[in-house]
Amino acid sequence: MEDKIISLLQNIIKSEYDLDIQDIKLEIPPKKDLGDFAFGAFLLSRDLKRNPNQIANELLEKIT
């Protein structure tokens, strides 16, 4: 499942932001109620020079 999520994120990031990021890593949140996996949008915020929360919300919209 983790590999599918990473692949999905890579495809969305490539198509939406024209970035080819191969080293995406998912983390397991410290609390179970925060979800099964987490992706830190800080990785993208450096390249895009935008707020990571805004990027995360955009990615969430594309995934759901």
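Trainee: Which residues of the largest nonpolar core touch the most other members?

Mentor: This is a predicted model: local features need pLDDT of at least 70, side-chain atom pairs count only at pLDDT 80 or more, and totals for chains, interfaces and linings use all residues. Residues are numbered from 1 along each chain as its sequence is written, and side-chain values use heavy atoms, leaving out hydrogens and water. A nonpolar core is a set of buried (under 20% relative accessible area, 1.4 Å probe, protein chains only) Ala, Val, Leu, Ile, Met, Phe, Trp, Tyr and Cys residues joined through side-chain atoms within 4.5 Å. The largest one has 14 residues, and those touching the most other members are Ile13, Tyr17, Leu19, Leu44, Ile55 and Leu59.

Trainee: Which element gives the largest share of this core?

Mentor: Helices are DSSP runs (H or I, at least four residues), numbered from the N terminus. Two or more residues come from each of α1, α2 (42-48) and α3 (52-63). The largest share, 5 residues, is from α1.

Trainee: Which residues does Ile13 touch, not counting residues up to four places away in sequence?

Mentor: Contact means heavy atoms within 4.5 Å. On that basis the list is Asp18, Leu19, Ile21, Ile24, Phe39, Leu44 and Leu59.

Trainee: Is Met1 buried or exposed?

Mentor: Met1 sits in the segment before α1 (2-17). Exposed means over 50% relative accessible area. Met1 has 71% relative accessibility, so the residue counts as exposed.

Trainee: What separates the C-alpha atoms of Asn53 and Phe42?

Mentor: Asn53 lies in helix α3. Phe42 is 11 residues apart from Asn53 along the chain. Their C-alpha separation is 8.6 Å.
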